[in-house]
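Please look over the sequence and the model shown here. A short report on selected features follows.

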Amino acid sequence: MQRPYFASREEYSRSFTSVDYWQPYITSICQRHNLAPYQQIRAGKAGTHPVFIIDERYVVKLYAELFGGGESFRKELDLYQLCAYAPELPAPHLVTYGSLFAEGSEYHWPYTISTVIPGVPIGSVLSECSFEDKLEVAAAVGSFLHTFHRLPLERSLMFERSWESFRTVLAYQHKHCSEHHRQWNALPQHLIAQIEDYLPPVESLFDQQTLPYLLHTDLFDDHVLGFFEHGRWRTNGIIDFGDALVGDRLYELIALHIGLFHGDKRLLRAFIQTCGLADAPEEQFVLKTMSFALLRQFNVFQQVFADSPEALSLIHI
């Protein structure tokens with residue numbers, strides 16, 4: 001079997017959700033693990049890595065080399081095993097894992113097979129959700145993260161309850177922050193020019209005298225699944241742990257508030273009460289969360305201005 005090969009990110013983006021392209025690889029994986037023959041295969045929601053749903057029972061996820069797939073694979077595998085210590089967590093269960101090819105000089109294309117969380121991403125039906133539905137989501141995600149943040153890291157192979165990896169991530173993003181924002185071009189140039197003076201030193205963004213927590217960091221509206229039951233939304237599970245990190249819980253709020261709550265402070269308050277952040281120190285809350293938003297490795301401000309286009313006109317004043 002020929003290795004998947006993509007000459008560029010553009011070529012990868014055209015193919016990574018193609019059932020026709022990936023079906024021979026998925027069939028090989030299913031045969032290897034006695035999951036074949038299957039009746040149906042469909043692509044999962046477009047993200048970073050190829051994801052395919054088999055007979056609405058199993059999720060096969062392959063990890064592409066282009067986007068740090070090897071590390072994401074090791075993280076997700078580790079977190080599946082950690083989540084098993086908290087069976088109440090509404091998360092997929094690991095069925096098995098492997099690699100398309102033997103490890104060697106070329107990329108081996110690791111994969112996981114997990115159970116399906118029934119439902120659709122809430123982002124695909126957001127216009128149908130009432131405010132009460134969204135409050136349910138905020139409470140459900142808060143309950144999930146309250147448990148997830150406290151998973152037993154002493155049993156982890158990939159994560160340590162240490163500030164070192166968080167400091168390293170922030171330091172890299174801090175160094176390249178202005179450069180990234182110039183490339184994204186979502187903020188006005190006069191604000192980008194002020195970023196270096198605005199950002200405080202990395203060490204002031206978290207308290208090294210406290211314990212860090214395990215963070216999901218990528219809880220936007222494609223990663224919360226559920227369905228409508230008797231006319232009301234029911235959250236059924238949380239997916240995608242490939243961007244997990246150990247660090248300050250305030251860092252969790254960026255994807256959550258912008259990508260799931262779409263800036264609604266009422267939902268953020270409901271989440272904070274459920275998650276256990278209500279007792280967190282409020283000192284420099286705005287400076288820290290704004291700094292974390294600027295330091296994200298992805299452009300979160302594009303979503304902010306999509307949700308609130310009037311904000312862009314105000315900051316040009």
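The structure holds one cavity of 30 Å³ or more. A cavity here is a set of points on a 1 Å grid over the protein atoms alone where a 1.4 Å probe fits but cannot get out, and lining residues have an atom within 4 Å of a point. This is a predicted model, in which local features need pLDDT of at least 70, side-chain atom pairs count only at pLDDT 80 or more, and totals for chains, interfaces and linings use all residues. Residues are numbered from 1 along each chain as its sequence is written, and side-chain values use heavy atoms, with hydrogens and water left out.

| Feature of the largest cavity | Value |
|---|---|
| Space | about 30 Å³ |
| Lining, nonpolar | four residues |
| Lining, polar | three residues |

Among the lining residues are Phe-16, Lys-45, His-49 and Val-51.

Helix α8 covers residues 253-260, and eight of its eight residues are buried (under 20% relative accessible area, 1.4 Å probe, protein chains only). Helices are DSSP runs of H or I with at least four residues, and strands are E runs of at least two. The buried residues of α8 pack against α4, β8, α9, α10 and α11, with contact meaning heavy atoms within 4.5 Å. Just after α8, His-262 has a positive phi of about 50°.

Pro-121 lies in strand β6 and is buried, at 15% relative accessible area. Pro-121 touches Asp-221, Asp-222, Val-224, Leu-225 and Trp-233, leaving aside residues up to four places away in sequence. The C-alpha atoms of Pro-121 and Leu-250 are separated by 24 Å.

Technical notes. Buried means under 20% relative accessible area, exposed over 50%, partly exposed in between (1.4 Å probe, protein chains only). On a 1 Å grid over the protein atoms alone, a cavity is a set of points where a 1.4 Å probe fits but cannot get out, and a pocket is an open set with protein on both sides within 12 Å along at least five of seven lines; lining residues have an atom within 4 Å of a point. Grid points are joined across faces, edges and corners, and a volume is the space filled by probe spheres set on the points. Ala, Val, Leu, Ile, Met, Phe, Trp, Tyr, Cys and Pro count as nonpolar, Asp, Glu, Lys and Arg as charged, and the others, Gly among them, as polar.
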